[in-house]
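My notes are below, in the order I went.

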Amino acid sequence: MLNEKKPDEIIATGVLESLQNFLRKCAIAVLSYGPMPKHIAFIMDGNRRYAKSRSIKEGSGHRVGFSALMASLLYCHEMGVKYITVYAFSIDNFKRDPTEVQTLMELMEEKINELLENRNVINKLNCKINFWGSLDMLTEPVRLAAQKLMASTAQNTGLVFSVCMPYNSTSEIANAVNELCKERRDMIQGQHTGSCNGLTANGGTHSDISVADLDRHMYTAGCPDPDIVIRTSGETRLSNFLLWQTTFSHLQNPDPLWPEFSWRHLVWGILQYQRVYPYIEQNKTLAKKQL
Amino acid sequence: MLLSQSPAATHPQLPTSSSSSRRTHRSAPPCPRAGAAPAAAASLLPPGLRAESLPRHVAVVMDGNSRWARARGMPSAFGHEAGRHALEETVRLSRAWGIRALTAFAFSHENWSRPKLEVDFLMGLFERVINDSVAEFLRDGIRLRVIGDCSRLPASLQRTAREAEEATRSNSQLDLTLAISYSGRRDVVQACRSLAEKVRAGLLSPEDIDESLFAGELETSRGSYELLPCPDLLIRTSGELRLSNFLLWQSAYSELFFTDTLWPDFGEADYLEALCSFQSRDRRFGRRNL
């Protein structure tokens, strides 16, 4: 909703925005001299506190948060970051007040439908959208909308935007283990029925389960591990987000609440990452040797 | 023993106990994770610490020994010896302040890539430390456990560790876990293998595998340690901002504390700062404060 503005206010705003755009492009040019992260993950914390601090309705905090998300997505894309993952809703969040959960579900449904309406723009950006999590826990309209959006962007090969909702890393790992055990059991049963000449089947398949096998069954299969994990609002914990995948990720916890997160904070975060990049890469290489 | 550097909380991203008013204070952390420290220890607490909001289980990533030694122009062995003293001090303080469990990341699976000389030195150091400390553990009621991929450890270290675990089994003041040749991902993989084997043997079906069943297969949940497998607070020294394959599953809800102090310099003041920071954290576990 736009407020009525005087002409000179509009001009001032326009000049300010142009200046900001110029500064942003300068910052991107400087950053591009260093190694750019391929994958950034965001824990979008602080929407409710934002609403409270500005004395607005709680649901509005999440709405402003959504705008911040779209902006961050575009800034990341501008900087050449290919994979962006966000923690939109944790399975633990279902324990919240039912009214808040309902509001969040409705907001998610509304925003996913908005994205569906604009899928031409998304396809033009060549953006693939994933929804990672226990989708069967979502209400039906949200789940259907999410599945539809995933299907309509599945063929895109550019930016990969993954939304974790409702998600828990421990559920993801337990689910991967479940699937892997099923796969092994089916493989063994297949070998038993297939071997009809008296030779015993190779029952030792359980002992060669490896990190790569589990990787295949994670929601994030095919996606590189996050280089940076940014949790806004200053909290320093992962809250059950991508535990398997963030082993060597650079963890950052800037103070701004999520709706306040802007391209300046993103640039700062990437600069921090570039500062420690040689050391991180060295560790990753050593770790891969030991797998 | 060297005095610890005074830890100026200069790191721009560390939440400190005097941070913004946006963070609300909770008088009681959500149960069942918090518990009261033994009453006797409360009187030994330094000012600023409240017994009822101390973490029950603290994990430490003891990073920075080599850098500490290099800064003094000494070989890394010198840093590791100094690190040993820092660990002993942390164990002593944990016990004094009523912390129930302490897990220390002594040697990660990735560390096997280090120069053989350093690795051999570390293996010898671990053996000496465990041997020398058993008497003290028995006196102070500390129960020792070693987790990690034992198969790569020298036979003598494996034997020493097993004997020390056996000797201290009935102690109950403090559970000390040393993670040697440990990797969070490998812990998850071995739990997966163990469950796959049970499925193969027909003891359970894949559909039975849920989070709690899985958690019970992790190394940190073995034996009688199943009560406190998850650290409430995870401290990493030397300024590195990552978990590096430590307690992956178990640190899902851990409060993380990063400090620039190198491990050999980590002392009472640094530990106090970490615990005060923990006390000021607003642990919501996905819920809302009201």
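These entries cover backbone, cavities and one surface patch.

**Ground rules.** I'm working with a predicted model, where local features need pLDDT of at least 70, side-chain atom pairs count only at pLDDT 80 or more, and totals for chains, interfaces and linings use all residues. Residues are numbered from 1 along each chain as its sequence is written, chains are lettered from A and ligands numbered from 1 in the order in which they are written, and side-chain values use heavy atoms, with hydrogens and water left out.

**Backbone.** Most residues other than glycine have a negative phi, and most peptide bonds are trans.

I found a cis peptide bond from M165(A) to P166(A), with omega near -15°. P166(A) sits in the loop between β4 (160–164) and α7 (169–194) of chain A; helices (H or I, at least four residues) and strands (E, at least two) are DSSP runs, numbered from the N terminus.

I placed it in the loop between β5 (228–231) and β6 (250–252) of chain A. S233(A) is buried at 4% relative accessible area (buried is under 20%, exposed over 50%, partly exposed in between, with a 1.4 Å probe and protein chains only).

In chain B I noted N245(B), another non-glycine, with a positive phi of about 65°. Its loop runs between β5 (233–236) and β6 (255–258) of chain B, and N245(B) is buried too, at 5%.

**Cavities.** How many cavities of 30 Å³ or more does the structure hold? I get four. A cavity here is a set of points, on a 1 Å grid over the protein atoms alone, where a 1.4 Å probe fits but cannot get out; lining residues have an atom within 4 Å of a point.

α4 (116–140) of chain B is among the elements supplying at least two lining residues, and α4(B) gives the largest share, five.

**Surface.** L16(A), L19(A), F22(A) and L23(A) make a nonpolar surface patch, with about 410 Å² of accessible area together. Areas are Shrake-Rupley, 1.4 Å probe. I put L16(A) in helix α1 (residues 7–31) of chain A, exposed at 52%.

Technical notes
1 Å grid on protein atoms, 1.4 Å probe; cavity = no way out; pocket = protein on both sides within 12 Å on 5 of 7 lines; lining within 4 Å. Points joined across faces, edges and corners; volume = space filled by probe spheres on them. Patch = residues over 30% accessible without salt bridge, like charges linked within 9 Å, V, L, I, M, F, W, Y side chains within 5 Å. Salt bridge = Lys/Arg side-chain N within 4 Å of Asp/Glu carboxyl O.
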